[in-house]
Amino acid sequence: FPPAVRGSEGLYMVNGPPSFTESTAFQRDSGKNCKAVAFSKDGSLFAWCNGQKVNVVNITTAELLHSFDLPKTVCLEFSPKNNVLATWQAYTTAKDGTAGVPNLQLHDLRTGKCLKSFIQKKMQNWCPCWADDESICARNVNNEVHFFENNNFNTIANKLHLQKVSDFVLSPGAQPTKVAVYVPGSKGAPSFVRLYQYPNFGGPQSALANKSFFKADRVTMLWNKKATAVLVVASTEVDKSGASYYGEQTLHYVAASGESAVVQLPKSGPIYDVAWSPSSVEFCAVYGFMPAKATVFNLKCEPVFDFGTGPRNAAYYSPQGHVLLLAGFGNLRGQMEVWDVRSYRLLSKPVAPDSTYLAWCPDGEHVVTATCAPRLRVANGYKVWHCSGRVLHAHQVPCEQELWQVCWQPFPDGVFPERAVRGQAPPGEAPQAYRPPALRNRPGPSAKLHEDEPPQNMKPQLGGGDKPVSKTALKNQRKHEAKKAAKQEAKADAQQGPAQVKPPQSVQQNTVPATTTGDPELDKKIKNLKKKLKAIEQLKEQAAAGKQLEKNQVEKIQKEAALLKELEDLELGV
């Protein structure tokens, strides 16, 4: 699986682990103007534009299959089954203001002929989207989605027209294909995401699912691999409370079965990243003001594992889904945490400072990190790591040169089966954690700017000790502590007498004074009603703070008057 390396030194390929030598199968293109590269989905074909032509080669045989005269191409993409190559050049108009020539070309890779040309002004979402079997291809044209079938681009087979479709995503995997569409809100109407099954687009009733929300200037939609659900990150440009520079984000879960929910995140602040596990039954969110929390949720949007807090803003699952890498790049120092998610065991904590890119190798054991221009123009280079935290290969480009891109050769699913992750690191360079010059050669700092919250399986035991505690042991320990506390309380009550007993704080806060009727059933009813009223009070506080409530939560609030009346009747009956 050779990575392709593109930069001011030209374009070349490197053999994968363990040799890391330059590949002789691919002849280096030494041109200094290589603007775009792309592998096919199965990794068998490779295309690049060197500023003169777009070339397509077969990786295995190194045979040049096609050469297209498109020197200004800046984007390339293969269709999923390698039948079509899409190329995009910047759109230009003539000096007299007349319309420019079509700049998006679709080429038949069997014949080399151009199947169709379109005018595509924006670079964002430039490429048509194909279903995995290429039976459907879709484009967003003037806020409606046009569908083509079997790569026949001369006939629009179907249209999805809503008031203003801003974005859409086709589901991965086998037929039937599903489509997630986003329509931004206008004139007081909410934004919404709808899921449809192709080609059933006959109005809102035909939608598989619908989720509307008011707080959204833009959304990111992520299908899981099995196409059973979509995660929607809704973002506003400005946080009106002034709490965040990043605007405000909410995370929504929308299932193709019609269910939807807001994912409740335990820490407030930005949502930096969301990633589906390849298993499609879990997802990881990285969120909250720094140090950020990371949590794995199940399909009921319940937390499965809490990684605590740390300097991180990204999550990457291995292709097999057995390892999760959490990382802090950009304005963070490049700390990484590599977790075995089968047993939630921390494998390593390497550091890759100044990284602008990270990607898993298809084997699920290695990752590449890179520092690329134009994001950073100094110290450009890349490193290949083993998931145990060792650097196996590092390449630094000369200081007058730039590295623009590094990408692994893809492979079809199943080529690399899941392998047990080794605790023993292979030989290589041990990563060094960054320490400021003033603190080097000194003992570790005793004080921190803020205290990091440890992962849930590394929290200290209630009775002391440093060993991780299992969930069951923790539960049993809490039960034991609670029983002990109850016994002590009963003992104290017996000594003080009933008149001196101080009611618990929760009862003190309640507007209705605590009473005992002597009838255990009646007491139980009163207690349950008070519990419901307290929950309603909390929901009202959340609504007052500007939080958007779910339909069932609003219905709960509407029942408050009836509950108060019922409570009053019960207590008057006393």
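Tutor: Two strands pair if DSSP finds at least two bridges between them, and strands themselves (E, at least two residues) are DSSP runs, numbered from the N terminus. This is a predicted model, in which local features need pLDDT of at least 70, side-chain atom pairs count only at pLDDT 80 or more, and totals for chains, interfaces and linings use all residues. Residues are numbered from 1 along each chain as its sequence is written, while side-chain values use heavy atoms, with hydrogens and water left out.

The protein chain holds 35 strands along with five helices (H or I, at least four residues). Four of these strands form an open sheet in the order S19-S20-S21-S22, and their pairing is antiparallel. At the edges lie strand S19 (218-223) and strand S22 (260-262), each of which pairs on one side only. On average, and with direction ignored, neighbouring strands of this sheet are turned by 20° against each other, where the axes are lines fitted to C-alpha atoms and angles run from 0 to 180 degrees between N-to-C directions.

Val254 has Ser260, in S22, as its bridge partner. In general, strands of a sheet pair through backbone hydrogen bonds, either parallel or antiparallel.
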